[in-house]
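Reader: I am new to protein models. Can you show me how to read one, feature by feature?

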Amino acid sequence: MLIKQISVFVENQKGRLADITKALADQNISIRALSIADTTDFGILRLIVDMPDDAVKALKDQGMTVSLTNVLAVAIPDVPGGFYSAIKTLADADISVEYAYAFITPKANNAFVIIRVEDNDTAIEAFKNNNVSLLTQEEIFNI
Amino acid sequence: MRQYYQAEYETAPRNHLRALQSERLIKSVYSCYNNIPFYRKKLDEMGLHPKDIASIDDIVKLPFTYKQDLRDNYPYGMFAVPREELVRIHASSGTTGKQTVVGYTQQDVDIWANSAARAIVAAGGTQSDYIHVSYGYGLFTGGLGLHYGAEKLGATAIPVSSGNTRRQVTILQDFHSDLICCTPSYAMYIGETIKDMGIDPSSLPLRAGIFGAESWSENMRKEIEKALAIKAYDIYGLSEIAGPGVAYECAEQSGMHICEDYFYPEIIDPETGETLPDGEYGELVFTCIGKEALPLLRYRTRDICALSHEKCSCGRTLVKMTKTKGRSDDMLIIRGVNVFPSQIEHIILELGMEPNYLIIVDRINNLDTMTVQIEMGDAVFSDSVKEIERIERKIKENMQSVLGVSANIKLVEPKSIPRSEGKAKRVIDNREI
């Protein structure tokens, strides 16, 4: 149920994003979702890719600072209120959300939201009890 | 437990020391003049002859010796003895260029070993102790220096050398190490490893450590004492003079006693060469009095410190030196404040970051500004912006409190700061003064 998310440290300079995405493209790695957290001085690029371990290697070989974080990929029915139900589940279980970003796939009627929470185990439990679907690493690979 | 290793010298009355130093200096100058072409030429050019040296006070007449002189005479050009008399060669790591090569006769090795033994006893070491030596063994004087000191004392040397840190910890436990000798930064690493292995440091027999070969702050000392549950002592030395043990800390821990019966110290103004009084910071200069193979005269160490002849509660009468601040050629003046890159390095290290940094100094609107670029490495990187910003803030705060001057911090990507094969260029000074 845990999805590996790659975080890359990015200096605020032209061309850095291009370098990072090229490093991945050269290794035939597909990006499934991405988000950038930015400050004045630097940014953190967060990526969900199909082959996270290969991606980490590819980026480290290029001398980049990379870390892996375990996040959750929640399947949201693509209708109004879909996201609300998932978030309410977390709120009711007293779980804080650190950040979230959404992506849509060509298949199915679901949107997917990547959520980072402080307590993965409790969140997984809460989602299970409320029939909220989580994607597995393999399902991400197969999108 | 004996208090001093060589009480006769360590607690000698000052006038006895002076007489000994005068006698030894004269002999050394004769040896330099008669046996080392470099010094003969220099003294002749100055119109100086060994007979002009009547006492230790005449030391100011003698010329300075620089690291470059050793390099110019690489490898063995400055030895005063024939090769048959040499029993040991050591060399510096050569971070600033060609390796500096030094040599020792048996007597020189004994002088050095006695100095190191003094250091071990001053740190509370005894003949029954297991001395764990984690300095590198090899051309570097660290490992063999403390090793021979331990054996000279009659203690038991465990020549672990550096590296294989988990095994270091196992040895600390199983081999009953009482005292450890290594660099302060390695001591920190061992401390971390002890923690990672889930071991309580106070459960180890280890009770003290002697740390040197790099400048370290009082903060670093507290960190090490906590991480290893020991008392941490300082030691100073350089291969050109002997090795570790040239100066050593006693229980009072307010400076290091210099073995001035063999290594006579002076503090000079690095610009003018003028001798400075006690308490004033300047460049540390050593004259070897009594060594046979390489009796350097007024060798400029480029280390900055101050001397004190104040009475020490330990009873030793040997002059004390403060911890070294850094090298004279490294110092910056930012808004009137003296800043050493090594101070910045220690702040960075203390926060668990790799010491890959670049200091950029500018003058904007008649005001000096300093920006420190620091590479963001894996060890400290996290997925949280909040966390990274917290570290940035901490670095800034620490710089302000330690240096007394504020710096801008810019976190940069790994490998973006240029590496070099010689000494890493730590400073870019854009000011045109």
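Author: We start with burial. A residue is buried under 20% relative accessible area, exposed over 50%, and partly exposed in between. Keep in mind that this is a predicted model. Take B:D378: at 41% relative accessibility, B:D378 counts as partly exposed.

Reader: What does B:D378 pair with in a salt bridge?

Author: A salt bridge needs a side-chain nitrogen of Lys or Arg within 4 Å of a carboxyl oxygen of Asp or Glu. Here the side chain of B:D378 meets that of A:K60, at 3.4 Å from N to O. The pair crosses between chains. B:D378 sits in the loop between β19 (367–375) and α11 (385–403) of chain B, and A:K60 sits in helix α2 (residues 52–61) of chain A. A:K60 is partly exposed too, with a relative accessible area of 40%.

Reader: How many salt bridges are there over all chains?

Author: The structure holds 30. Another one joins A:R16 and B:E413, at 2.1 Å from N to O. This pair also crosses between chains. A:R16 belongs to helix α1 (residues 16–26) of chain A, while B:E413 lies in the loop between β20 (408–412) and β21 (427–429) of chain B.

Reader: Are A:R16 and B:E413 buried or exposed?

Author: Both are buried. Now compare a pair inside one chain. B:R426 and B:E345 form a salt bridge at 3.7 Å, N to O. B:R426 is in the loop between β20 and β21, and B:E345 is in helix α10 (residues 341–350), 81 residues apart. B:R426 counts as partly exposed at 23% relative accessibility. B:E345 is partly exposed as well, at 21%.

Reader: Which residues are linked in a network of salt bridges?

Author: One such network links B:R363, B:D368, B:D429 and B:R431.

Reader: How do I read a helix?

Author: Compare its span with its residue count. Helix α5 of chain B covers residues 106–122, which is 17 residues. From first C-alpha to last, α5(B) reaches 24 Å, close to the 24 Å expected at 1.5 Å a residue. Then check burial. In α5(B), 14 of the 17 residues are buried, so this helix is largely enclosed by the rest of the structure. After α5(B) comes B:G124, with a positive phi near 90°.

Reader: What order do the elements of chain A run in?

Author: Count, then read along. Chain A has five helices and six strands. From the N terminus on, they run β-α-β-β-α-β-α-β-β-α-α. Buried residues make up 46% of its 143 residues.

Reader: What else can I read for chain A?

Author: Look at contacts. Among those between residues at least 6 apart in sequence, 69% join residues at least 24 apart. The accessible surface of chain A is about 7,400 Å², with 48% belonging to carbon and sulfur atoms.

Conventions
Residues are numbered from 1 along each chain as its sequence is written. Chains are lettered from A and ligands numbered from 1 in the order in which they are written. This is a predicted model: local features need pLDDT of at least 70, side-chain atom pairs count only at pLDDT 80 or more; totals for chains, interfaces and linings use all residues. Side-chain values use heavy atoms; hydrogens and water are left out. Helices (H or I, at least four residues) and strands (E, at least two) are DSSP runs, numbered from the N terminus. The expected span of a helix is 1.5 Å times one less than its number of residues. Buried means under 20% relative accessible area, exposed over 50%, partly exposed in between (1.4 Å probe, protein chains only). Contact means heavy atoms within 4.5 Å. Accessible areas come from the Shrake-Rupley method with a 1.4 Å probe; for residues, only the protein chains shown count as cover.
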